[in-house]
Amino acid sequence: MTESIENILKEGYRTWRKNLILGVPFLLSSIVTLLVIFATLLLSILMSIPFFSQMMGNMQEGMPNMLLAFLLLVLLFTITIFLITLINAFFSAGAIGMAQKAIKTGKTTLSEMIYYGKKKFLSLFFAYIIIFLITILGFLFFIPAVIAFLLKVINVGISLLVFGFATWMLYHLALNIILILVSYAIVVGDLGAIEGIKEGYRLVMKNKLSVVFLFFVTQALLWGCGLVISVITSLMNVIPLLGIFINLGIWVLYIIFIVVVITPLFMVWWTHLYMDGTGMKPKEIPTELPTTSVQAPEIPTHEPIYV
Amino acid sequence: MTESIENILKSGFGIWRKNHNIALPFLFNLFASFLLVIIFIASLFLILAIPLTLDVQRITNSSSNIAELMDVGSVLMVVLLFVIFVSLYILVNSFFLAGAVGMARRAIETKRTSLNDMVNSGKRKFLDLFLAQLIISVSIILLFLFLIGIPILIVTKVPVIAMIGSSLIEFGGNLLGLLVTVIAILFIAVPFAIVISDLGAIEGLKRGYRFFMDNKFPVMLLWIFVKYASEFMGYAIFFIAAIAFSLGILSVPIPSDISAISSFALEPLLMSLSLVFIIAVVIAILVSLVISVFVVSPLMTVWWSILYMDRVKSHQRKNDRIY
């Protein structure tokens, strides 16, 4: 790690300021996701209507049909989740690709988004699925507790439940941080899903301090924004009826702000960190001198020096 | 030519590892504060109990409650007592904080420190640090009275809708929280300006403020790191408490059939459950105190001292080069 966190933050901010277009993939991703969810809800309501009318008529005969309807709904929701993950993968890959181009050359365009999106969305999608499976693995921590409850040993069951819950939380937290660079390894490093996960893990382990520091900074920024928003909304709450509508508007604006401004900024920072960790950044001439002090070499003399 | 934050963190960590005695001022401070709290509660008891015992006649004659027996005089006494003990607390805290900063400075400059540094630094600077901390505390109390006291006054005196009143208090609370955080960051360098640069209270406050203004980015970064590192420490403590609780639960005999618990077996069961829970909480509090005293506070002090000394030095060097 050659760059300090201050430089990453400063340069990342500068890169983002010059390329505000980086907010577009996130905006598009949110809009398309909302449309898909809306379409799914509509579809599920339409699907359920004929079955409801049949249910009203005859309960006994309607049973297998209700089961069918339920299974169809589950299928619909699973397809929706797959679709949303696919969309997310496409736009994330596009956004990261845009960020990479912006860092390398100073400027980026939407054509990069389409290029990187098309190129890497499948690898990213598979990585998301693998990460999801790894996360689900965390529920294994609850199995001892379930076994204890089944065996009717209640106090051991509660004990294992609490312990399992605590371990699961720790696992979740560690996983969040360890896998944070995977998307960047896949898109910027042009790797496949599994290679990307391995590389992401390796980089985090090699640059623990920088990763943890950047993680802290992103959390702090979100917390700071949240603090300001809560002050504003609590002020608006004082106004009787109008206040609630104003707050609704403020929340919508806040969410848009997070999606279009904060998320791209974070992404540029992480891309910066990845590129710096793998030596991909075009090296600039350092303006800071190294801080290690060099001591004057001591020349041992046995005779007095004659000046 | 300045040190990067990562270097400050790393060298600070190294210095802390070789000088664990920097934790001692914080340990002494903890004991002293604990003592003060006990004395405060004891004197509170004396102040309130003595007039009550003298008025035994009044208690037995009328059926008035305790609140009526406490007249304005004793309330004023309680407030006065509270002010005195808070001031004593800040005084003791200033002595040990000044001592800790002095030890940190010596450890940074000469790699080693001793309790002598704490006593020397503490004796010399505790009054200035006390005055500075007093000024900041009084300002925060004034802010509190203004932002929360006034809404409470409005709610109790003026007939407003309950919802508006509570929203006003909530807004005051939120704004107070935001302002206190801002004040904490603005004046975080004050103890270091007072002790390391050997300034008086007012000068220290001004210098601390100016230090933040000249070094906003590094100060924010270090503050963020310390804040979130402490938060994650909290998660670790929660984990320890959970383990303690889960171990303790093993000793509580819970029958296999929950529905078959008779009503008089329920109470001792709940009591032992609560006991285990309380023990786990106590363990968590003890562990967090230990970590705070031996790890967080000394590390923080060393880190901020390094940042302060490094940036002040480079500032001086810049000025020297100009002239």
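**Note on a predicted two-chain helical model**

1. Ser297(B) is placed in helix H11 of chain B, which covers residues 263–322. The model under review is a predicted one. Because its relative accessibility is 17%, Ser297(B) counts as buried, the limit for that class being under 20%. Once residues up to four places away in sequence are set aside, Ser297(B) touches Phe26(B) and Ser292(B).

2. Apart from neighbours within four places in sequence, Thr15(A) is in contact with Ala102(A), Ile103(A), Val268(A) and His272(A).

3. Chain A contains ten helices and zero strands, and its pattern along the sequence is accordingly written α-α-α-α-α-α-α-α-α-α. Of the 307 residues in chain A, 40% are buried. Among the contacts in chain A with a separation of 6 or more, 76% are accounted for by residues 24 or more positions apart. The accessible surface of chain A is about 17,800 Å², and carbon and sulfur atoms hold 76% of that surface.

4. Chain B has eleven helices and zero strands; from the N terminus on, its elements run α-α-α-α-α-α-α-α-α-α-α. Buried residues make up 37% of the 323 residues in chain B. Where contacts in chain B join residues at least 6 apart in sequence, 80% of them join residues at least 24 apart. Chain B exposes about 18,200 Å², with 73% supplied by carbon and sulfur atoms.

5. The interface deserves a separate point. Between chain A and chain B an area of about 3,800 Å² is buried, and carbon and sulfur atoms give 79% of it. To this contact chain A contributes 41 residues and chain B contributes 45 residues.

6. Which polar interactions cross between chain A and chain B? There are seven residue pairs in polar contact, both residues being at pLDDT 80 or more. On the side of chain A that touches chain B, the elements giving two or more residues are helix H1 (5–18), helix H6 (154–178) and helix H9 (208–236) of chain A. H9(A) gives the most to that side, with 14 residues. By residue class, the side of chain A that touches chain B divides into 26 nonpolar, ten polar and five charged residues.

7. The count of salt bridges between chain A and chain B is one. In this bridge Arg311(B) pairs with Glu6(A), and the closest N and O atoms are 3.6 Å apart.

8. Over all chains, a search of the whole structure finds 14 salt bridges. One joins Arg106(B) to Asp117(B), with the closest N and O atoms 3.7 Å apart. This pair links distant parts of the chain, since Arg106(B) is in helix H5 (residues 72–110) and Asp117(B) is in helix H6 (residues 115–157) of chain B, eleven residues apart. Arg106(B) has a relative accessible area of 39% and is therefore partly exposed, whereas Asp117(B), at 11%, is buried.

9. Because Glu203(B) and Lys206(B) are three residues apart in helix H9 (residues 201–214) of chain B, about one helical turn separates them. At 42% relative accessibility, Glu203(B) counts as partly exposed.

10. The side chains of Lys227(B) and Glu231(B) also meet in a salt bridge, at 3.7 Å from N to O. Both residues lie in helix H10 (residues 216–249) of chain B, four residues apart, or about one turn of the helix. Glu231(B) is partly exposed, its relative accessible area being 35%.

11. Salt bridges in chain B also form a network, which links Arg124(B), Lys125(B), Asp128(B) and Asp198(B).

Note on methods
Residues numbered from 1 in each chain as written. Chains lettered and ligands numbered in written order. Predicted model: local features only at pLDDT ≥ 70, side-chain atom pairs only at ≥ 80, totals over all residues. Heavy atoms only, no water. Contact = heavy atoms within 4.5 Å. Buried area = accessible area lost by both parts, 1.4 Å probe. Salt bridge = Lys/Arg side-chain N within 4 Å of Asp/Glu carboxyl O. Polar contact = N/O pair within 3.5 Å; in protein donor to acceptor, adjacent residues only side chain to side chain. Nonpolar A, V, L, I, M, F, W, Y, C, P; charged D, E, K, R; others polar. Buried < 20%, exposed > 50% of the residue type's maximum accessible area, 1.4 Å probe, protein only. Areas by Shrake-Rupley, 256 points an atom, 1.4 Å probe, with all protein chains shown as cover.
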